[in-house]
Amino acid sequence: MYRKLTLLTLSLVVVTLYNCTTNTIDEGDIEDLPPIVEKVTYDDDVEAIITANCVGCHSGPNANAGLQLTGYANVRAAAEQGNLLNRVNNGSNPMPPGGQLPPATRQILDQWATDGYLEN
Ligand code: HEC
């Protein structure tokens, strides 16, 4: 009986510790994150990130740097032929200019490139 209780307590401690570590990985570098195992696509993952963080300055007739980031073709071209990923991951001159996106968000963009810029 005593032994069973000890085991139960131990496993609870382990589970609690595990949850703590997985909840605090928000800061730090992409290398510290667990790899993304699911398929990353423009429709499911990338569009929402770009719309929320980039389109305000990079769309329409007054788009900053003349860079349009609306729609799959534009975003793919900026990532594949332009320097979208370099700027997103650039610590001293990042896009958006207000500060780097969290590592988990940048990891999704990197993985999209690694997977070959899937649309859906
Ligand atoms: C607050 C406005 C603003 C936001 C938000 C913003 N940008 Fe920019 N972006 C600029 C300005 C201004 C420039 C031109 C100056 C420079 O290159 O730093 C620029 C330049 C760039 C360039 C370089 C273009 C070139 O031809 O050299 C890229 C790539 C870029 N932005 C991507 C992004 C991405 C991706 C996001 C979202 C993650 C983003 N930007 C969000 C204002 C913004």
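The dialogue below takes up the features one by one.

Modeller: This is a predicted model, in which local features need pLDDT of at least 70 and side-chain atom pairs count only at pLDDT 80 or more, whereas totals for chains, interfaces and linings use all residues. Residues are numbered from 1 along each chain as its sequence is written, and side-chain values use heavy atoms, with hydrogens and water left out.

Colleague: How many helices and strands does the protein chain hold?

Modeller: Helices (H or I, at least four residues) and strands (E, at least two) are DSSP runs, numbered from the N terminus. The protein chain has five helices and zero strands, and from the N terminus on its elements run α-α-α-α-α.

Colleague: What share of the 120 residues counts as buried?

Modeller: Buried means under 20% relative accessible area, exposed over 50%, and partly exposed in between, with a 1.4 Å probe and protein chains only. By that criterion, 27% of the 120 residues of the protein chain are buried.

Colleague: Which residues touch the most other members of the largest nonpolar core?

Modeller: A nonpolar core is a set of buried Ala, Val, Leu, Ile, Met, Phe, Trp, Tyr and Cys residues joined through side-chain atoms within 4.5 Å. The largest one has 20 residues, of which Val46, Ile50, Leu69, Val75, Leu84 and Trp112 touch the most other members. Helices H2, H3, H4 and H5 each supply at least two residues of this core. For contacts in general, the criterion is heavy atoms within 4.5 Å. Leaving aside neighbours within four places in sequence, Val75 is in contact with Tyr42, Val46, Ile50, Leu69, Leu84 and Trp112. Across the protein chain, 60% of the contacts between residues at least 6 apart in sequence join residues at least 24 apart.

Colleague: Which protein atoms are donors of the iron atom of the ligand?

Modeller: Donors are N, O and S atoms within 2.8 Å of the metal (3.2 Å for Na, K and Ca); water is not among the atoms, so sites may look incomplete. Here the protein donors are His58 (NE2) and Met95 (SD), lying 2.0 to 2.2 Å from the iron atom of the ligand. His58 is in the loop between helix H2 (42-53) and H3, and Met95 is in the loop between helix H4 (84-88) and helix H5 (103-114); the pair, 37 residues apart, links distant parts of the chain. His58 counts as buried because its relative accessibility is 10%, whereas Met95, at 26%, is partly exposed.

Colleague: Why is the arrangement around the iron atom octahedral?

Modeller: Four donors count as tetrahedral if all angles lie between 85 and 135 degrees; four count as square planar and six as octahedral if opposite donors are over 155 degrees apart and all others between 65 and 115; anything else is irregular. The six donor atoms around the iron atom of the ligand subtend angles of 86 to 178 degrees, and therefore the arrangement is octahedral.

Colleague: How many disulfides does the structure hold?

Modeller: A disulfide is a covalent bond between the sulfur atoms of two cysteines. The criterion is a pair of cysteine sulfur atoms within 2.5 Å, and the structure holds zero disulfides. Cys54 is buried, with a relative accessible area of 14%, while Cys57 is partly exposed at 42%.

Colleague: Which peptide bond is cis, and what is the phi of Ala65?

Modeller: Most residues other than glycine have a negative phi, and most peptide bonds are trans. The bond from Met95 to Pro96 is cis, with omega near 0 degrees; Pro96 lies in the loop between H4 and H5. Ala65 has a positive phi, near 60 degrees, and lies in the loop between H2 and H3, where Ala65 is exposed at 81% relative accessibility. Tyr117 also has a positive phi, near 55 degrees; Tyr117 is in the segment after H5 and is buried at 11%.
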